[in-house]
Amino acid sequence: MHAVTFDFGQTLAALDADLTSARLAERSLSFDPQRIEAALPDAWRVYDDAIHRGLGGHPWKIFMRALLERAASSPLDEEALVGAVDFLWSEQPRKNLWRRPIPGMLELAEDLSDAGVPVGIISNSEGRLAELVAELGWDDRFLVIADSGRLGMDKPGRPIFAWTAERLGKPLERIVHVGDSLAADVEGALGAGMRAVWFRGDAKRALGEKARVAKDAGEVRRALVELGIAAARAPEPIRASPRPGSRPRST
């Protein structure tokens with residue numbers, strides 16, 4: 001039996017652009033949620049680059065600064081930009097911005113759990129991810145939540161993957177990790193001896209036989225099956241039973 005772990009932000013839950021805009025308005029800053037959404041891909045590339053350059057497994061403020069710089073309708077002065085980033089960071093433990101479910105991903109986690117596959121979360125978070133997952137009513141799907149802010153170790157380092165594997169009761173080579181960050185999730189998991197699915201990654205990049213790329217939840221299911229987790233197959237649709245005494249309709 002295998003196990004599966006998921007990253008949280010941008011894999012199970014996306015940044016809530018409306019909430020982010022509303023929080024920034026508390027600082028008298030006006031941001032269009034659509035501009036925030038459009039700026040996310042570039043900001044995540046900045047995040048990945050920061051990890052590759054060894055700036056830590058969770059360069060949150062680097063990501064958020066890049067996001068706000070790209071989403072602003074007009075340039076922010078340095079004081080306003082730094083103040084906004086610091087404010088959002090300080091408020092994360094109280095009101096996490098990553099809370100919009102990504103279609104199909106929680107259902108996948110639930111199907112795996114129902115099939116007896118141990119499922120966990122490995123996230124570079126702020127120390128209160130378990131509380132957020134419970135607040136959202138998702139905690140029954142996950143046996144383990146590895147929160148870097150609480151554990152003091154983060155992706156892409158091997159220790160956080162090994163810590164999770166021990167608590168899932170599986171060797172690292174029997175676990176597939178699903179995440180959106182090439183640096184933190186894919187390279188981190190592969191480096192720890194796990195296999196990986198790069199969620200919404202670049203399909204043109206060769207990752208080797210121990211990794212797959214998937215653009216949505218359906219493709220994640222297929223990738224997990226290819227990596228040996230048959231329980232990831234989509235459940236068969238429930239068909240209504242014929243009424244007693246009825247006959248099949250002729251064609």
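Among contacts (heavy atoms within 4.5 Å) between residues at least 6 apart in the sequence of the protein, 62% join residues at least 24 apart. The model is predicted: local features need pLDDT of at least 70 and side-chain atom pairs count only at pLDDT 80 or more, whereas totals for chains, interfaces and linings use all residues. Residues are numbered from 1 along each chain as its sequence is written, and side-chain values use heavy atoms, with hydrogens and water left out.

The protein contains 10 helices and 8 strands, which are DSSP runs numbered from the N terminus (helices H or I, at least four residues; strands E, at least two). Of its 251 residues, 47% count as buried, that is, under 20% relative accessible area with a 1.4 Å probe, protein chains only.

Helix α9 (residues 182-192) illustrates such burial. Because 8 of its 11 residues are buried, α9 is largely enclosed by the rest of the structure. These buried residues are L182, A183, A184, D185, V186, G188, A189 and A192. Their cover includes α2, α8 (158-168), β6 (175-179) and β7 (195-199). After α9 comes G193, with a positive phi near 100°.

Helix α2 (residues 33-52) packs with α9 at an angle of about 50°, their axes lying 9 Å apart; axes are lines fitted to C-alpha atoms over the stretch in contact, and angles run from 0 to 180 degrees between N-to-C directions. The two helices are therefore oblique to each other, the class left when angles under 35, over 145 and from 65 to 115 degrees are set aside. D48, I51 and H52 of α2 meet L182, A183, A184 and E187 of α9.

How values were computed:
Buried < 20%, exposed > 50% of the residue type's maximum accessible area, 1.4 Å probe, protein only.
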